[in-house]
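Q: I would like to learn how to read a few local features in a model. Where do we start?
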Amino acid sequence: MAVRIGELLLKEKRITVEQLQEALNHQRQHGGKLGFNLVKLGFVKDSEITALLSKQYGVPSISLTDFEIDPAVVKLVPAETAQKYQIVPLARAGATLTIAMTDPTNVFAMDDIRFMTGYNVEPVVASEIAVLEALEKYYGKGTGTGNGGGAAGTSALEVASKALQEMPVPTDADVEVLEDLEEISAETLAKQGEEAPIIKLVNVLLMSAIQKGASDIHIEPYEKELRVRYRIDGVLYNIMSPPLKFRDAITSRVKIMAKLDISEKRLPQDGRIKIRFQDNGRPKDIDFRVSCLPTLFGEKIVMRLLDKDKLMLDMTKLGFESESLAKFEAAILKPWGMVLVTGPTGSGKTNTLYSSISRINTPETNIMTAEDPVEFNLMGINQVQVRENIGLTFAAALRSFLRQDPNIILVGEIRDFETAEIAIKAALTGHLVLSTLHTNDAPSTVNRLMNMGIEPFLVASSLNLICAQRLVRRVCKNCGEPHPTPPQALVQAGFSNEDARTVVPQRGRGCEKCNNTGYKGRLGLYEVMEVTEELRELILVGSSALELRRKAIDEGMITLRQSGLRKVKDGVTTIDEVVRETVK
């Protein structure tokens with residue numbers, strides 16, 4: 001900062017090189033900032049430095065000597081903090097606190113005050129001499145209001161302690177945020193609590209989510225409530241409601257951990273948190289994908305847990321029926337063509353794709369992927385993170401891939417005509433292309449591609465196979481028991497009259513291992529439509545999804561509902577789950 005002020009003043013020809021050198025020598029002898037020493041030596045006026053900083057950083061300047069500050073506003077910032085950062089609180093308007101600063105680039109000061117007061121912070125520039133005089137006038141020399149944040153801290157500590165009791169954290173968990181190596185071990189949570197209760201609370205939320213096997217953490221602000229929910233096995237559960245006054249503090253803590261811009265509250269942001277902790281005596285890394293979205297009453301945060309150990313790369317264990325798996329493996333082992341995996345968000349498409357490329361990943365193949373975001377790092381696979389804000393779209397990445405001598409290309413998602421067109425042309429020119437689409441079932445995927453603007457003959461020529469999928473919860477193995485169901489209800493769900501008389505579904509009664517839900521873990525339902533010559537002919541003449549569906553079923557396609565009913569028959573899921581996720 002010192003050299004920058006000197007350079008700015010030299011550039012503006014307010015001082016000479018000799019004056020700058022003299023001021024630097026004076027600074028070494030007497031201390032203080034360079035600007036203060038320049039003013040003291042009479043080389044520049046206080047107002048000149050203030051005006052220069054204001055112009056340089058686009059922050060308004062103010063003359064503190066002409067300003068009378070309300071004592072209630074002064075009390076918002078403790079004296080220690082004001083003197084530490086050389087700031088003076090000026091005024092409060094709604095949820096915004098205006099502060100006078102000597103250094104408008106000090107984001108740490110603004111973050112601390114935002115965290116401490118709960119207000120948004122707007123900086124203005126004031127001269128160092130004026131700030132020092134104001135600090136002495138309003139706070140008194142050497143005095144402080146050290147209890148400025150005490151009450152809030154105690155309340156937050158109580159919340160964190162209660163959370164700890166409700167959600168036990170492994171006592172041997174030794175956790176750190178990677179890269180910045182910030183210790184957040186469970187053993188030191190108690191010590192940190194009194195110093196940083198919000199840090200403790202956020203750490204408890206992260207560790208508890210890992211312990212409970214959650215896939216997502218939702219932190220949701222409402223008008224009179226702050227709600228925290230976990231998604232466990234696809235279903236959201238209320239976990240706790242911290243006091244509303246900690247909303248901004250919790251949001252700031254998560255954004256700092258994810259290296260996001262804490263001052264930006266109006267635009268959505270995405271980041272990543274990586275932590276390491278001790279799991280049964282061995283270090284384990286887990287990534288949290290963080291998404292911040294501005295809502296009416298604050299920023300909603302969703303954190304997706306990415307645990308590489310839970311990534312199921314063995315295709316035989318995903319839930320495929322044997323005949324469906326045989327078709328799928330045959331399609332991904334072909335030298336060219338397109339394989340599409342479809343389904344809504346959170347239906348396990350990424351896992352299926354990663355399993356597919358792991359199955360065909362050999363030293364002889366060059367595999368390129370374009371993903372948004374890259375969820376897991378896989379050895380031997382060239383993964384590219386799509387960044388639309390700088391022009392690296394799926395289409396742009398695909399074009400570059402074709403100049404990288406690929407054998408297999410994975411496109412995270414086909415979202416538009418341009419991406420679909422390049423992917424299909426790649427599939428027709430000797431490359432195997434894997435991708436995803438958001439459609440309800442396998443046959444409707446063909447119509448979706450045509451609606452995007454792709455010609456029927458291109459769709460028919462390029463497609464090898466379409467796999468639609470859903471996730472359903474597994475019956476808990478610990479408390480599962482037979483659940484006799486009336487044959488009429490089974491027939492209504494889709495069983496044949498013969499099966500309805502013999503099938504006895506399973507249901508979990510609820511136990512500690514499954515949090516009394518009766519379910520533990522999830523598995524996939526798969527609808528695999530192999531594009532045969534007969535189906536290609538139907539696609540070429542523009543047949544409807546219904547006609548394609550009938551033909552595929554005639555050729556032996558197992559529908560999502562049939563896949564679900566087979567798993568009910570095997571006792572691994574329930575009728576309720578299958579009916580919730582599929583249609584007849």
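A: Start with burial: buried means under 20% relative accessible area, exposed over 50%, and partly exposed in between, with a 1.4 Å probe and protein chains only. This is a predicted model, in which local features need pLDDT of at least 70 and side-chain atom pairs count only at pLDDT 80 or more, while totals for chains, interfaces and linings use all residues. Residues are numbered from 1 along each chain as its sequence is written, and side-chain values use heavy atoms, leaving out hydrogens and water.

Q: Is G510 buried or exposed?
A: G510 counts as buried because its relative accessibility is 17%. It is found in the loop between β19 (506–508) and β20 (519–530); strands (E, at least two residues) and helices (H or I, at least four) are DSSP runs numbered from the N terminus.

Q: What does G510 touch?
A: Contact means heavy atoms within 4.5 Å. Not counting residues up to four places away in sequence, G510 touches C479, N516, T517 and G518. G510 and G480 are 30 residues apart in sequence, with their C-alpha atoms 8.2 Å apart in space.

Q: How is a pair of aromatic rings described?
A: By the distance of the centres and the angle of the planes. Rings of Phe, Tyr and Trp (its six-membered ring) pair if their centres lie within 6.5 Å; planes under 30 degrees apart count as stacked, over 60 as edge-to-face, and the rest as tilted.

Q: How many aromatic pairs does a search of the whole structure find?
A: The search finds 3. One of them, F320 with Y526, is stacked, at 3.8 Å centre to centre and 15° between the planes. F320 lies in the loop between β11 (298–306) and α13 (322–332) and Y526 in strand β20, so the pair ties together parts 206 residues apart in sequence. Both F320 and Y526 are buried.

Q: Which geometry do Y354 and F376 have?
A: Y354 and F376 form an edge-to-face pair, 6.1 Å centre to centre with 75° between the planes. Y354 lies in helix α14 (residues 349–359) and F376 in the loop between β13 (367–371) and β14 (382–385), so this pair ties together parts 22 residues apart in sequence. Y354 counts as buried at 1% relative accessibility, and F376 is buried with a relative accessible area of 9%.

Q: Which residues form one aromatic cluster?
A: F320, F328 and Y526 form one.

Q: Where does the charged end of R473 sit?
A: A charge sits over a ring if NZ of Lys or CZ of Arg is within 6 Å of the ring centre and within 35 degrees of the ring normal. The charged end of R473 sits over the ring of Y519, 4.0 Å from its centre.
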